[in-house]
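Look over the sequence and the structure, then read on.

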Amino acid sequence: MAHDRQRRRRAKKQAMKRGSPPGTPTYTGEARNEPVEVRVIDFDEDGVRELDAFDTATLAAYKTKDTVTWVNLDGIHQVEEVQAICRAFDVHPLWVEDIVNHASRSKAEMLDDRVMVVARMIRADSGDLLATEQVSIIMGVGWVVTFQERSGDVWEPLRKRIRTGNGRVRRMGSDYLLHALLDDIVDHYFLGLEEIEGRVDDLEARAIDPTQNIDMAAMFELKNELAEFRRTVWPMRESAATLLRLEDGPIGAEVIPFFSDLYDHIVQVMDILESSRERTVSVYELHLAVNGHRLNDIMKILTVVSTIFIPMTFVAGVYGMNFDHMPELHWQYGYAYVLTLMLGSALLGGGLVYSRRWLS
């Protein structure tokens, strides 16, 4: 239900762009007043230089340096700041429009010697492993610019590797940095999958336990979350496939195998998602089957009780009528006769139940 409300809000925000010419940047997210944060990490194999609150007017100089520069902006709600950074790196206006539109579909595109990737990142500091935000990544030769909706991301381990020189990121170019950014995003998808798998396991355990009840609202909420997660991951597979075809562009041949590995990880995420979705459907069917089995057991018991007691009730009802001229009304052995008749009908009914094996 929460995801449905989010989609309705996105559609409403999209309507704000009605009538605007293509390439008009219009922020479509929730209104916020937080200041924009710009961080620059410039590095090569010999060292790292970090700057915060950087003057966007001097960013253009990093396009021609021999180092690799990573510019990160937190806060796409400030459209002017986004436009200033995009002007410094000659980003196409249509890409600027996608950056500030927080409901853009995940995709990968190449224009001239630049690559743009729009992805959805699981927010590491949200407390909800399935809460996501849009990130946009622009890569050129020697530089990468990332745009986030707000501060807090999954890239702190990557920053640490850059500072300490661990791994190959300091020895590679901006194309490998693009892979490292996307790889961290995909790795955190597995955290969401782990949380989902735990919830599915709990539902399965409850479904087969006759003493437990399943919260159907929670089950349908889980199905909706799986569908939303799938809508997040599915376009990422297309993006990875697109990046694999850019070997003759700004992505070097030595980095292509890493993007192939990224594609494999996304396919693995999709496989686990499909498995979780099928398991959730199976849990629902198992829940119905267990409830049906329970109902059958109850109906068996009620049928046995009815088979035994309905004839007795019939006899008691007939001889309990208050008519003056009933046969055997004043018979000396009438009471014993009726009790014997009732007991005989009960034994006959019990024998019928036993012979038909209704309780087996």
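Two strands pair if DSSP finds at least two bridges between them. Helices (H or I, at least four residues) and strands (E, at least two) are DSSP runs, numbered from the N terminus. This is a predicted model: local features need pLDDT of at least 70, side-chain atom pairs count only at pLDDT 80 or more, and totals for chains, interfaces and linings use all residues. Residues are numbered from 1 along each chain as its sequence is written, and side-chain values use heavy atoms, without hydrogens and water.

**Strand 1 and its partners**

- Strand 1 covers residues 37-43.
- Strand 1 pairs with strand 2 (residues 48-52) in the antiparallel sense, over 5 bridges. A hairpin of 4 residues joins strand 1 to strand 2.
- Arg-39 stands opposite Asp-52 of strand 2.
- Strand 1 also pairs with strand 3 (residues 68-74), in the antiparallel sense over 7 bridges. Here Val-38 has Leu-73 as its bridge partner.

**Helix 5 and helix 7**

- Helix 5 (residues 174-208) packs with helix 7 (residues 256-318) at an angle of about 15 degrees, with their axes 9 Å apart. Axes are lines fitted to C-alpha atoms, for helices over the stretch in contact, and angles run from 0 to 180 degrees between N-to-C directions.
- Helix 5 is therefore roughly parallel to helix 7; that term is for angles under 35 degrees.

Terms used. Angles under 35 degrees count as roughly parallel, over 145 as roughly antiparallel, 65 to 115 as roughly perpendicular and the rest as oblique. Buried means under 20% relative accessible area, exposed over 50%, partly exposed in between (1.4 Å probe, protein chains only).
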